[in-house]
Amino acid sequence: MPEIDKAIAALHADMIAWRRHLHQHPELSFQEHGTAAFVAEVLKAEGMEVRAGVAKLTPDAKGTGLIAVVHGEKSASNRCIALRADLDALPITELGKPDYCSLNPGVMHACGHDAHTSMVLGAGVALHRVRSEWSGNVMLVFQPGEEKEPGGASLLVKEGVLADPRPSGIIGQHVTPELPVGQLGFRSGPFMAAADELYITVKGRGGHARSAIRWWIRS
Amino acid sequence: MDPILIAAKVLPALYDEAARIVPAGEPMVISFGKVIANGATNIVPDMVSIDGTLRTFNEELRARLHELLPRIATEVARSMSGDCEFRLVKGSPVVKNDPELTARMRSVAVGLVGAENVVDMDIRMGAEDFAYYTHVMPGCFFRLGTGNAAKPGTQSGLHTAAFDVDEDALVIGAGMMALGALTELRD
């Protein structure tokens, strides 16, 4: 569909601006209040409805995730596909960028989630602008806390908010410096590892360092 | 017993045991990136804390290691008159890309950037919480190239202080998302 290509191309400058804004205002996992508000503002400015406050860490917490559904208007259809972005940044002090260095000391978008968010925003806005050309629904999923357990994705799955309409699948992406710009990488089947955190506390008996070997011999 | 000496024995025991039960060809990584024994030149502390990560691709192996690793650490510590607490926090599962959805997205990518720019990737030991979605619905997680030798930072690794992306990639990633969605909604 040429309309969507044009709509995406027309949004390039906006996507750069959104990404740089997010890059300058990074927030740590599950604290993405400003980021979520920014995403909501962009979508609402396009006349889209946003469901904010999802992905709650505790039942009474204000969730920092949000979901928006773009509706195609060509003909009635309940079909739905989800596009996913992650919102959080990392506890890293950025080494200066000339124009858009982090303004939040010690916090940095060092994993490209600013770009992921900007691209799902771009895709969503573009699809909304050409909504008369297609049928069905596209669910935009902006999740918090990708970098930290329990993971914003697990909270969204648990909360059952990926429904109404229920997506038949979900597409996500990750930037990588290992591929040059212009390339895309795919793998079918298992792609990335299961990860578990290990916390070990070894207990013994301390004391003055002069005694340590003696205890060792005695025991 | 000196807990630092115990920790110094626990670590290789865990690395060795984990390596020995892994079936041939099965990817597995165990790494400890934080070891704190907060004593001094002349003070031996009462405890040592060790933080690490376990990466697997096989749920059976994962479960076996969850049982084995605490046992090994505790046995080694007790054999030296010490003890050990082992806390395991289960993280995200494997990211499994649905073969049919991924094949369709790969075709979209070929249309968007040309077959010569679509790369088939190997498995990664990194983790990604996108995994949770892929266990409740078909998922496709792809990688977007953002490296450019001419732009500073864009070849710096993820999670580094100099990391940056080539913003020319934004139209490709967004285009991939939008065209991918439309492909899935087509009758």
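A search of the whole structure finds 21 salt bridges over all chains, a salt bridge being a side-chain nitrogen of Lys or Arg within 4 Å of a carboxyl oxygen of Asp or Glu. The structure is a predicted model, in which local features need pLDDT of at least 70 and side-chain atom pairs count only at pLDDT 80 or more, while totals for chains, interfaces and linings use all residues. Residues are numbered from 1 along each chain as its sequence is written, chains are lettered from A and ligands numbered from 1 in the order in which they are written, and side-chain values use heavy atoms, with hydrogens and water left out.

**The interface of the two chains**

Contact, defined as heavy atoms within 4.5 Å, involves 101 residues of chain A and 119 residues of chain B. The size of an interface is often given as the accessible area lost when the parts come together. Here the two chains bury about 9,800 Å² between them, with 62% of it on carbon and sulfur atoms; buried area is the accessible area (1.4 Å probe) that two parts lose on being put together, summed over both.

Nine salt bridges are found across the interface of chain A and chain B. The table gives two salt bridges between residues of chain B and chain A.

| Residue of chain B | Residue of chain A | Closest N and O atoms |
|---|---|---|
| B:Glu128 | A:Arg84 | 2.7 Å |
| B:Glu167 | A:Arg19 | 2.9 Å |

In the pair of B:Glu167 and A:Arg19, the former is in the loop between strand S7 (139-147) and helix H5 (169-185) of chain B, and the latter in helix H2 (residues 12-24) of chain A. Helices (H or I, at least four residues) and strands (E, at least two) are DSSP runs, numbered from the N terminus.

Between chain A and chain B there are also 64 residue pairs in polar contact (both at pLDDT 80 or more). A polar contact is a pair of N or O atoms within 3.5 Å; within protein, one must be able to donate a hydrogen and the other to accept it, and residues adjacent in sequence count only if both atoms are side-chain atoms. On the side of chain A that touches chain B, the largest share, 11 residues, comes from strand S5 (residues 170-180) of chain A. That side of chain A divides into 53 nonpolar, 30 polar and 18 charged residues. Ala, Val, Leu, Ile, Met, Phe, Trp, Tyr, Cys and Pro count as nonpolar, Asp, Glu, Lys and Arg as charged, and the others, Gly among them, as polar.

Strand S9 (residues 207-208) of chain A pairs with strand S2 (residues 43-44) of chain B in the antiparallel sense over two bridges; strands pair if DSSP finds at least two bridges between them. A:Gly207 has B:Val44 as its bridge partner in S2(B).

**The domains of chain B**

Chain B is assigned domain 1 (3-79) and domain 2 (99-185), with bounds from an automatic or database domain assignment. Their C-alpha centres lie 34 Å apart, and the contact takes five residues from each of domain 1 and domain 2 of chain B. The area buried between these domains is about 420 Å², of which carbon and sulfur atoms give 77%. In domain 1 of chain B, B:Pro27, B:Arg55 and B:Phe57 lose the most area to domain 2, together 83% of what that side buries. Zero salt bridges are counted between the two domains.

**Backbone features**

A cis peptide bond joins A:Glu149 and A:Pro150, with omega about 10°.
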